[in-house]
Amino acid sequence: MLMSMLLVSSLIAGSLAGGLCGASGAICNKLNLTTIAFAMAHGALAGAALALALNLDVLSAAMSMAIVTAILLGPLADSLRIPLDLISMILFSAYNALTFIFILLSPGPALMTERIGQLLWGSILAIRPSYILILTILLIAYLSFIAVFWRRLSSMLFDLRLAEAEGINVRLYKCVLLTLIGATIALSLRITGGFLVFSLLYLPAAASLQLFSTMKKLIAFSWIFGSISSSIGLWISLLSDLPVGSCIVIAAIILFLGSITYSRLRFKLSLREAVNLV
Amino acid sequence: MTDYAVELLNVSTHYYGERRPAIRNVTLRIPHGTFTLIAGPNGSGKTTLLETILGLLKPSTGVVKMLGYEIPREASRARRFCSYLPQDFMKPASEPFTAREVVAMGLSSKRSMGWLSEKDWMQVDRMLSLLGMLEHADKPFGKLSGGQQQKVMLARALVRNPKLLLLDEPFSAMDRESRSFIVKTIFPRLLEGGCTVILVSHVFELELITPNLVVEMMDGRVEEVLYADVHAPS
């Protein structure tokens, strides 16, 4: 009974978190925010590790660090006149170093608890009804934002500079998007762990890029592939007692390889049909 | 209404890290409803001038006004009345938006929350048809040829019904027939409607249409301004 309840909540949480990550990855990829998302993910990890060391709420700290990173990266790159990609990598390195320091500084008992495992490779036991509720609220906020402002977001996804030249407040929309993505990353940390959450952002997007060419389908199927990877990964982890994050990423990689294979086969078949017609 | 569509008073713009300004001490006044050609060799500052007018580049010195708005302070308000076609605007084959979607994006900043009405979609199709691109409306933008992409981008600029149209080398990939149609048919309609057109081109056939102003640029400076039938500002 307990097992089946855990499985059901895992599948729900996995679908929500994986879907949100997948869609965020598709958007980040199109907006060339890949390295920002990378820095945000590791900022969330460092925030969570700091919370562990200071015995604070891990989720709040992770979310705060991810969002602060997102908001500050752009202005920091502008004021220091360093390319955004480079400063993202600098922050990524700093966050990783800080993560290990904070973990080592954590009180002795904390190092032996489930909390460290949750932080590093995720945990099914982190999935509670309150967590699913927060994920659902984030999902509604995310979908509402994309649906209401789709035309303006499309313009930004097509070309940021032209969108700005046409009067769209690119900074504001980017800020909101990065905040939503930061919240997604911080929440997904619980399931995948800090070192692998980034993979869940990009593997589903990479898989859908093999198969679809319109923006709506790219986002929708990144969502679907993210949900499927997370759900399958969680289920395998539950059955085999392997780290959750690793199982999710392996599932996502298998899905990605499958999409490449299908895409190649589809192309060869269409080529053969075209040759036969001639 | 202000006297001029665009005013630059002693404007210089530097790119970060560069000591030498990309444009320097530019003073220029472009009246409403005129067609201005900005000509000059590569590297003369033509694109920098356009981007400074739009507020995409901040001037280091001087005053810039566009449709009466101070730039860059009021740039976001002014830009709703402008359209811009950047130079060398080409997207790869993987670009996930259709030609129709790309044109529709042009209206998103002018509509509440970016929502388009049925009338707006009809206008999008009308612009695509005007430029001979309606049959390609549902094709992915990236899979169109260079000239076709430029036509779609021009449709996007026109669908906004701009008061100021800034075009940076808009014909570089277009055939002569298309260029001729746009300049001889579309430009006069725009000018009659009160739109101010500023065209940057280092290759422009003056027999197609006579500009009201020709601004010759060289090495970041305005070398000469020739006025046709428009009264020169005092």
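This is a predicted model: local features need pLDDT of at least 70, side-chain atom pairs count only at pLDDT 80 or more; totals for chains, interfaces and linings use all residues.
Two strands pair if DSSP finds at least two bridges between them.

**View 1. Strands E3 and E9 of chain B pair side by side.**
Strand E3 of chain B covers residues 35-39. Strand E9 of chain B covers residues 213-218. The two pair in the parallel sense, over four bridges. Look for Ile38(B), which stands opposite Val215(B) in E9(B). In a regular strand the side chains alternate between the two faces of the sheet.

**View 2. Strand E9 of chain B also pairs with strand E10.**
E10 of chain B spans residues 221-227. Here the pairing with E9(B) is antiparallel, and it runs over six bridges. Glu216(B) has Glu224(B) in E10(B) as its bridge partner. E9(B) and E10(B) form a hairpin with two residues between the strands. In this hairpin, Asp219(B) takes a positive phi near 55°.

**View 3. Helices H2 and H3 of chain A cross.**
H2(A) holds residues 34-54, and H3(A) holds residues 58-80. Their axes come within 7 Å and cross at roughly 145°. The crossing is right-handed. On the H2(A) side, the residues in contact include Ile36(A), Met40(A), Gly43(A), Gly47(A) and Leu52(A). On the H3(A) side, they include Val58(A), Met65(A), Thr69(A) and Leu73(A). By class, this contact has 14 nonpolar, three polar and no charged residues. An α-helix has 3.6 residues a turn, so residues three or four places apart point the same way.

**View 4. Helix H11 of chain A is largely enclosed.**
H11(A) runs over residues 197-211. Twelve of its 15 residues are buried, so the rest of the structure largely encloses this helix. Among the buried residues are Val197(A), Phe198(A), Tyr202(A), Pro204(A) and Leu211(A). Ser199(A) and Ser208(A) are also buried.

Cys175(A) is partly exposed, with a relative accessible area of 31%. Cys195(B) is buried, at 3% relative accessibility.

Definitions and conventions:
Residues are numbered from 1 along each chain as its sequence is written. Chains are lettered from A and ligands numbered from 1 in the order in which they are written. Side-chain values use heavy atoms; hydrogens and water are left out. Buried means under 20% relative accessible area, exposed over 50%, partly exposed in between (1.4 Å probe, protein chains only). Axes are lines fitted to C-alpha atoms, for helices over the stretch in contact, and angles run from 0 to 180 degrees between N-to-C directions. A crossing is left-handed if the near helix is turned anticlockwise from the far one by less than a right angle, and right-handed if clockwise. Contact means heavy atoms within 4.5 Å. Ala, Val, Leu, Ile, Met, Phe, Trp, Tyr, Cys and Pro count as nonpolar, Asp, Glu, Lys and Arg as charged, and the others, Gly among them, as polar.
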